[in-house]
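Student: Could we go through the pockets of this model, and then one of its sheets?
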Amino acid sequence: SGQIVHPGIVQFASPWHGWEYWLVVTPYPNGDASKENPSILVSHDGATWSVPTGLTNPIILPEWSNLADADLFYDSASDSLWIYHIHANTSGQTQAVREVSSDGINWSAAQVAFTVPDYDLISPSIAKIGSTYYIWYIKSGLAGCGSGMNTIYYRTSADGFAWSDESAANYTQPGYAPWHIDIIPVPSKGEYWAVLSA
């Protein structure tokens, strides 16, 4: 369709399984949420993208609803790519779901990491600081992007799959409610950088 949302990118200094750039996106043709499922593209220059040989998109399909808000993460400890995304509207709940690949082509079955009330997990963002994994996400409640009361929360993990209880992040942007986020640590500056729609 040429219509996609929620890109998540990993750049490698030298090619990883043949490519410097790996990208997860979710198609969203004409606002059709049923098509919003994780798909993988690769590039040598970050400008021209293609589907890697041997992969069929989307990499996973749900039995119901859709698999939105994918984030791509490279785990150096296991030399593998992870996709974290949400599976919303599963009996009034939203699941944090992960797939893993050691080559970017063959992906594991869906692994449910944790479950929360529906709309209390939007736009997960994954990073690792030292030996600790972090996941940040938005809680909006049933009102979704129109709630005006959205909050950024985070959890930590020793393995990237078994997560702690959530804590609220200290985020202030008067007059705005965060909706979709991406957060990265910048250790050289002792900072965290975020880009978000609000």
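Student: Which residues lie nearest the centre of the second largest pocket?
Tutor: Glu-36, Asn-66, Ala-68, Asp-69 and Trp-179 lie nearest, among 16 lining residues. On a 1 Å grid over the protein atoms alone, a pocket is an open set of points where a 1.4 Å probe fits, with protein on both sides within 12 Å along at least five of seven lines; lining residues have an atom within 4 Å of a point. The model is predicted: local features need pLDDT of at least 70 and side-chain atom pairs 80 or more, while totals for chains, interfaces and linings use all residues. Numbering starts from 1 along each chain as its sequence is written, and side-chain values use heavy atoms, without hydrogens and water.
Student: Which elements give two or more residues to that lining?
Tutor: For the second largest pocket, they are β1 and β4; strands are DSSP runs of E, at least two residues long, numbered from the N terminus.
Student: And what is the volume of the largest pocket?
Tutor: The largest pocket has about 550 Å³, a volume being the space filled by probe spheres set on the grid points, which are joined across faces, edges and corners. Of its 27 lining residues, Ile-9, Leu-72, Ile-126, Asp-182 and Ile-184 are the closest to the centre.
Student: Changing topic, what is the strand order in the open sheet of four strands?
Tutor: The order is β8-β9-β10-β11, with antiparallel pairing; two strands pair if DSSP finds at least two bridges between them. The edge strands, β8 (122–129) and β11 (167–168), each pair on one side only.
Student: How many bridges join β10 and β11?
Tutor: Strand β10 (residues 151–157) pairs with β11 over two bridges. Tyr-154 stands opposite Ser-167 in β11.
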